[in-house]
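Biologist: Hi! I'm new to this one, could you walk me through it?
Modeller: Happy to. Let's bring it up and take your questions as they come.

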Amino acid sequence: MISSRRRPLRLALPVLAAFLVAVSCSSSDSAAGPAIPAPTGEAARHCRALQKALPQTVKGLERRATVPASDFTALWGDPAVQLRCGVPKPEVLTFGSEHYNPYADAAEVNGVTWLFEKQRDGYRFTTVLRKSYVEVTVPGRYAPEIDVLTGLAGAVRKAVPAGV
C-alpha cells in the first residue's frame, strides 16, 4: 500500500517530466530554428517588410524554412545563420545596467550599423540606430562572420528605417 505522503510526489514526477520536455523543446537550435521574437506595432511591420526583402542566398548559403514558420525569423545554411527581427534592445546597450557600454563594439556594413558580440562559436550582430532591432547569429564556420552582413544590409536598409 502506498502511503498518502508519497502520492503527491508520484503525481509531481510526471508533471515535472512534462515540464522539462516542454522547456527543452522550446530552446533555440539550428534544426528547429531560432527562438521567435514577438514584436508589435511598428516593429512588427518593419519585420514583415524585412521578411519580404531578405535574399535567398547569403554568403553562398541557401535560405531554408524555419520551424515553426514566422515573419520574424530566417535561416540560411547548415549550421544555420539565424536572423531574428524585433528582438529587444541588447543588454550591453541598456543604460544603468552593469553591462552598459557606451563604447560597445560596432561596425557599419553597407550603410547599416551593427553591434557585434563574440559568442562561443561565432558572433551575434544586432542592428543599432534603426527603428527595430535585427539580430543575426553567425556560426564560426563562416569566418569572417561579418561577411554575412554584406548580403543582409540592403534588405535591412530597405525595410527597417534609420532612427531610434
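Biologist: Let's start with Arg124. Is Arg124 buried, exposed or partly exposed?
Modeller: Arg124 counts as partly exposed, because its relative accessibility is 25%. Keep in mind that this is a predicted model.

Biologist: And which side chain does Arg124 meet in a salt bridge?
Modeller: That of Glu117, with 3.3 Å from N to O. Side chains of opposite charge can pair when their charged atoms come close.

Biologist: Where else do Glu117 and Arg124 turn up?
Modeller: Both are in the lining of the second largest pocket. Other residues there include Arg84, Val87, Pro88 and Lys89. The space in that pocket comes to about 170 Å³.

Biologist: What classes of residue make up that lining?
Modeller: Six charged residues, four nonpolar ones and one polar one line the second largest pocket.

Biologist: Back to salt bridges. How many are there in the whole structure?
Modeller: A search of the whole structure turns up four. One of them joins Arg48 to Asp71, with the closest N and O atoms 3.2 Å apart. That pair links distant parts of the chain, as Arg48 is in helix H2 and Asp71 is in the loop between E2 and E3, 23 residues apart.

Biologist: Which residue pairs with Lys59?
Modeller: Lys59 has a salt bridge with Asp147, and their closest N and O atoms are 4.0 Å apart. Lys59 is in the loop between strand E1 (57-58) and E2, while Asp147 is in helix H3 (residues 147-159), so the pair ties together parts 88 residues apart in sequence. Lys59 is partly exposed at 37% relative accessibility, and Asp147 is partly exposed with a relative accessible area of 33%.

Biologist: What does Gln51 contact, leaving aside neighbours within four places in sequence?
Modeller: Its contacts are Arg63, Ser70, Asp71, Phe72, Thr73 and Ala74.

Biologist: Which strands does E3 pair with?
Modeller: Strand E2 (residues 61-64) runs antiparallel to E3, joined by two bridges, and Arg64 stands opposite Leu75. E3 also pairs with strand E4 (residues 81-85), again antiparallel, over four bridges. There, Ala74 has Leu83 as its bridge partner.

Biologist: What's in the turn of the E3 and E4 hairpin?
Modeller: Four residues lie between the strands, and Gly77 takes a positive phi near 75 degrees.

Biologist: Last one: where is Val67, and how exposed is it?
Modeller: Val67 is in the loop between E2 and E3. Val67 counts as exposed because its relative accessibility is 55%. From Val67 to Ile36 is 9.9 Å, C-alpha to C-alpha, and the two are 31 residues apart in sequence.

Technical notes:
Residues are numbered from 1 along each chain as its sequence is written. This is a predicted model: local features need pLDDT of at least 70, side-chain atom pairs count only at pLDDT 80 or more; totals for chains, interfaces and linings use all residues. Side-chain values use heavy atoms; hydrogens and water are left out. On a 1 Å grid over the protein atoms alone, a cavity is a set of points where a 1.4 Å probe fits but cannot get out, and a pocket is an open set with protein on both sides within 12 Å along at least five of seven lines; lining residues have an atom within 4 Å of a point. Grid points are joined across faces, edges and corners, and a volume is the space filled by probe spheres set on the points. Ala, Val, Leu, Ile, Met, Phe, Trp, Tyr, Cys and Pro count as nonpolar, Asp, Glu, Lys and Arg as charged, and the others, Gly among them, as polar. Two strands pair if DSSP finds at least two bridges between them. Contact means heavy atoms within 4.5 Å. Buried means under 20% relative accessible area, exposed over 50%, partly exposed in between (1.4 Å probe, protein chains only).
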